[in-house]
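I opened my notebook to look through this structure element by element. My entries follow in the sequence I made them.

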Amino acid sequence: MGYQAYQPPIDTKHYSNLAIVLTFIGFCFLSYFVIYQITQNKQQRSLTKELSVGLFASLFLSSGTLFSFLALGLYF
């Protein structure tokens with residue numbers, strides 16, 4: 001009964017590329033959210049659109065931050 005070492009689902013050499021791509025996508029959603037807030041009147045805004053864009057921005061930015069920490073070797 002031998003144990004095998006843990007193999008992560010994503011190879012460690014791809015962490016920096018994932019960090020850059022996910023952070024860039026997150027900033028794209030964030031910039032769209034800010035532009036939407038500035039250009040639309042309060043009566044023209046949609047709560048579901050704001051929440052969905054904000055959710056995607058936060059997911060991509062947090063994933064990009066996680067992979068940038070992993071690429072730098074910061075394991076918590």
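**Entry 1: the annotated spans**

I began with residues 18–39, where the chain is 100% helix and 0% strand. The end C-alpha atoms of that span are 31 Å apart. I note here that I am reading a predicted model. I picked the span from UniProt, where an unreviewed entry carries the annotation "transmembrane region" for residues 18–39 and 51–75. I then checked residues 51–75, which come out as 88% helix and 0% strand. The end C-alpha atoms of residues 51–75 also lie 31 Å apart.

**Entry 2: aromatic pairs**

I looked for ring pairs next. The structure holds four aromatic pairs. I wrote up two that involve Phe29, starting with Phe29 and Phe56. Their ring centres are 5.7 Å apart and their planes meet at 25°. Planes under 30 degrees apart count as stacked, so I logged Phe29 and Phe56 as a stacked pair.

Where do Phe29 and Phe56 sit? I found Phe29 in helix H1, residues 15–39, and Phe56 in helix H2, residues 47–72. The two are 27 residues apart in sequence, so the pair ties together separate parts of the chain. Phe29 has a relative accessible area of 28%, which makes it partly exposed. Phe56 is also partly exposed, at 41% relative accessibility.

I moved on to Phe29 with Phe60. This aromatic pair is stacked, with 5.7 Å from centre to centre and 10° between the planes. Phe29 belongs to helix H1 and Phe60 to helix H2, so I have another link between distant parts of the chain, 31 residues apart. I put Phe60 down as partly exposed, at 23% relative accessibility. My summary for this entry is that ring pairs join Phe29, Phe56 and Phe60 into a cluster.

**Entry 3: the nonpolar core**

Which residues make up the largest nonpolar core? I listed five: Tyr15, Ala19, Leu22, Phe67 and Leu70. H1 and H2 are the elements that give two or more residues to this core. H1 supplies the largest share, three residues.

I kept Ala19 in view and turned to Ala71. Ala71 is in helix H2. Its relative accessibility is 39%, so I counted Ala71 as partly exposed. Ala71 and Ala19 are 52 residues apart along the chain, yet their C-alpha atoms are separated by 7.8 Å.

**Entry 4: more distances**

I checked Ser31, which is found in helix H1. Ser31 is partly exposed, with 36% relative accessibility. I compared its place with that of Ala57, 26 residues away along the chain. The C-alpha atoms of Ser31 and Ala57 are separated by 9.1 Å.

How far apart in space are Leu47 and Val21? I read 27 Å, C-alpha to C-alpha, for a sequence separation of 26 residues. Leu47 lies in helix H2. I logged Leu47 as exposed, since its relative accessible area is 58%.

**Entry 5: a nonpolar surface patch**

I then went over the surface. Phe27, Leu30, Val34 and Ile38 form a nonpolar patch there. Together they have about 380 Å² of accessible area. I took Val34 as my example from the patch. Val34 is found in helix H1. At 38% relative accessibility, Val34 is partly exposed.

I set a general rule beside this entry. In soluble globular proteins, nonpolar side chains tend to be buried together. For this chain, I also recall that the UniProt record marks residues 18–39 as a "transmembrane region". I draw no further conclusion here.

**Entry 6: the salt bridge**

How many salt bridges does the structure hold? I counted one. The side chains of Lys13 and Asp11 meet in it, with 4.0 Å from N to O. Side chains of opposite charge can pair when their charged atoms come close.

Asp11 is partly exposed, at 39%. I closed the notebook on that pair.

Conventions. Residues are numbered from 1 along each chain as its sequence is written. This is a predicted model: local features need pLDDT of at least 70, side-chain atom pairs count only at pLDDT 80 or more; totals for chains, interfaces and linings use all residues. Side-chain values use heavy atoms; hydrogens and water are left out. UniProt positions are given in the numbering used here, feature names are shortened, and annotations may be inferred rather than shown by experiment. Helices (H or I, at least four residues) and strands (E, at least two) are DSSP runs, numbered from the N terminus. Rings of Phe, Tyr and Trp (its six-membered ring) pair if their centres lie within 6.5 Å; planes under 30 degrees apart count as stacked, over 60 as edge-to-face and the rest as tilted. Buried means under 20% relative accessible area, exposed over 50%, partly exposed in between (1.4 Å probe, protein chains only). Patches are made of residues with over 30% relative accessible area and no salt bridge: like charges are joined within 9 Å, nonpolar side chains (Val, Leu, Ile, Met, Phe, Trp, Tyr) within 5 Å. Accessible areas come from the Shrake-Rupley method with a 1.4 Å probe; for residues, only the protein chains shown count as cover. A nonpolar core is a set of buried Ala, Val, Leu, Ile, Met, Phe, Trp, Tyr and Cys residues joined through side-chain atoms within 4.5 Å.
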